[in-house]
Amino acid sequence: MPETTRRNLFKAALAGAVAVPLRAAAAPAPCIAKTRAPGWKPGIEGQRTADLGDGTYLNPIIAGDRPDPTILKDGDDYYMTFSSFYAYPGLVIWHSTDLVNWAPVGPALHKSVGVVWAVDLCKHAGRYFIYLPANPDGDGWKIFAVWADDIRGPWSDPVDLKIDGCIDPGHVVGEDGKRYLFVNGIRKIRLTDDGLATDGTLEHAYSPWRYPDDWVTENFAPEGPKLLRRGPWFYLVTAVGGTAGPVTGHMVIAARSASVHGPWEHCPHNPLVRTLEEAEPWWSRGHATLVEGPAGDWWMVYHGYENGFRTLGRQALLEPIEWTGDGWFRAKGGDLSRPLPKPARGKPGAAGFALSGNFSADSFGVQWAFHDPRPDEMKRVSRRNGTLQLAGSGTSPIDSSPLACIVGDRVYQAEVALELVGAGEGGMLLFYNHKAFVGIGFTPDELRVFQYAEEQTWARQKMANRRLRIRITNDSHVVTYHYSRDEGRTWTRLDTRMEVSGLHHNVFGGFLSLKIGVYSAGDGAVRFSDFSYRALA
């Protein structure tokens with residue numbers, strides 16, 4: 001006899017209730033009332049923002065999944081982008097004039113080259129470049145470049161630099177005027193003057209500082225080299241300790257040299273940033289880039305996991321640094337649990353953007369992106385009268401590429417209207433990857449429930465529907481579903497709830513985050529409209 005499991009017992013207990021698994025509500029579900037901690041200022045749609053409006057800010061500077069930040073100072077403007085992994089369009093560029101308030105410009109990567117990890121954004125001879133590592137077919141990592149004469153695009157298609165087996169490129173111009181890429185390892189290779197091909201061989205560059213053997217880390221993993229030249233020195237800022245795993249693992253170290261070719265001297269203050277204990281608000285802090293502020297002071301941008309909310313991914317953090325008399329620098333932010341003074345002389349600009357609205361074309365990449373799309377995935381999309389029609393793909397969310405949207409709040413509610421076309425199936429998800437998602441879906445005659453990245457067939461319910469509105473509420477990892485047949489005037493709650501705190505990298509790998517997603521499967525299509533989002537305080 002098969003072993004009885006808790007999940008099988010749960011299924012059996014509910015199997016008899018399939019005819020009535022839903023609870024009707026005469027009015028919309030009430031908002032969740034709780035104190036917003038530890039004190040972010042609500043912005044658009046209640047989304048938390050860093051700028052507290054009193055001359056201080058509270059991290060993160062961009063909430064949600066913004067890992068491996070790379071930042072460029074371009075006159076009075078700052079631009080930043082992040083690893084985009086399986087999201088296409090990808091590599092969304094953000095703009096700021098004060099290092100605290102950031103708004104998206106648009107995606108720089110439209111042609112799929114597979115999963116994309118930590119990149120480097122730079123400007124050379126008036127042209128913008130992003131150097132990016134990608135794994136096109138799962139056959140091995142390569143370094144690509146995209147370029148543009150205007151930061152807002154258009155951006156070129158990816159150019160394969162023929163640097164195989166490497167990740168985390170960092171660009172620098174040496175004292176000889178030549179261009180170089182440093183990569184994980186820490187190794188370097190010379191580029192041609194146009195930056196679009198190599199002009200040498202990959203060679204060892206630096207043996208990073210080693211932390212004490214009794215420190216609890218994921219692994220040594222020297223990665224994310226970022227370089228700058230200041231005064232007589234080249235500074236090399238590197239991540240070690242592993243980007244996930246134990247919260248004390250990831251860290252920031254530095255070295256300097258009078259030449260891009262070395263020898264490199266370890267910073268006496270290493271590690272410059274490190275999470276010391278689980279009580280801190282930000283875990284696994286590392287992968288830093290230095291940048292000069294509007295007033296000539298200096299700052300460090302890096303990422304970290306929010307304490308208890310690894311599901312949100314690695315978020316972008318800003319910390320002040322100070323240069324010391326011996327030509328080194330120190331981080332001054334501490335554990336980032338408190339507000340910090342904003343960079344002086346910065347001009348506040350737009351912060352974030354509204355997620356609510358229709359599925360317009362200009363939100364692709366900035367908001368909505370396909371997860372791990374095929375080369376022809378965009379052919380599934382058509383738009384008309386403010387709606388997005390998405391042709392079916394696969395048999396369910398298990399084998400279909402959803403449209404997914406990054407969120408950055410601990411407690412939120414999202415809704416979408418959907419209309420089934422033909423024999424289509426559609427629904428709404430909280431999606432990490434195809435091994436980890438939850439949600440509900442509808443066919444023309446059934447409701448379907450997804451937990452543990454699989455359909456719970458015992459929860460199917462016969463019901464005739466072509467047009468519905470779906471609501472997902474995520475209350476600090478406890479997920480509740482509602483649907484409405486009358487455009488949101490009354491709602492029916494699904495009795496099944498889901499706890500999703502475990503849907504993150506340390507369980508499922510991939511370095512991703514839990515996103516809101518919509519899907520379309522089967523032989524028909526789904527017409528989506530009127531998406532709304534609000535953070536709940």
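Threonine 81, written T81, has contacts beyond its neighbours within four places in sequence, namely D68, P69, T70, L91, V92, I93, V119, L121 and I130; contact means heavy atoms within 4.5 Å. This is a predicted model, in which local features need pLDDT of at least 70, side-chain atom pairs count only at pLDDT 80 or more, and totals for chains, interfaces and linings use all residues. Residues are numbered from 1 along each chain as its sequence is written, and side-chain values use heavy atoms, with hydrogens and water left out.

T81 lies in strand β6, residues 77–81. Helices (H or I, at least four residues) and strands (E, at least two) are DSSP runs, numbered from the N terminus. Is T81 buried or exposed? T81 is buried, its relative accessible area being 0%. Here, buried means under 20% relative accessible area, exposed over 50%, and partly exposed in between, with a 1.4 Å probe and protein chains only. The side chain of T81 also reaches the backbone oxygen of V92, at 2.8 Å.

Let me turn to the protein as a whole. It has two helices and 44 strands. Buried residues make up 59% of its 537 residues. Among contacts with a separation of 6 or more, 58% are between residues 24 or more positions apart. The C-alpha trace spans about 75 × 55 × 45 Å along its principal axes. For 537 residues, a compact globule would have a radius of gyration near 24 Å, and the protein has 24 Å, which agrees. That radius is taken over C-alpha atoms, and the globule rule is 2.2 Å times the number of residues to the power 0.38.

Next, the nonpolar cores. A nonpolar core is a set of buried Ala, Val, Leu, Ile, Met, Phe, Trp, Tyr and Cys residues joined through side-chain atoms within 4.5 Å. In soluble globular proteins, nonpolar side chains tend to be buried together. Which residues touch the most other members of the largest core? They are F329 and F531, in a core of 97 residues. Strand β25, residues 298–306, supplies the largest share of this core, six residues. The core draws at least three residues from each of domain 1 (41–341) and domain 2 (368–535), with domain bounds coming from an automatic or database domain assignment. A second, separate core has 20 residues, including Y79, Y88, F144 and V146.

V237 brings us to strand β20, where V237 is the bridge partner of K226. Strand β20 (residues 233–240) is mostly covered, with seven of its eight residues buried. Six bridges join β20 to strand β19 (residues 223–230), and the two run antiparallel; two strands pair if DSSP finds at least two bridges between them. β19 and β20 form a hairpin with two residues between them, and G231 in the turn has a positive phi of about 65°. β20 also pairs with strand β21 (residues 251–257) in the antiparallel sense, over seven bridges, and T238 stands opposite I253 in β21.

Finally, an open sheet of four strands has the order β15-β16-β17-β18, with antiparallel pairing. Why is one side of β15 and of β18 left without a neighbour in the sheet? β15 (170–173) and β18 (203–204) stand at the edges, each with a single partner strand, so one side of each has no neighbour there. Two bridges join β18 to the antiparallel strand β17, residues 187–191, and K188 has E203 in β18 as its bridge partner.

Terms used. A polar contact is a pair of N or O atoms within 3.5 Å; within protein, one must be able to donate a hydrogen and the other to accept it, and residues adjacent in sequence count only if both atoms are side-chain atoms.
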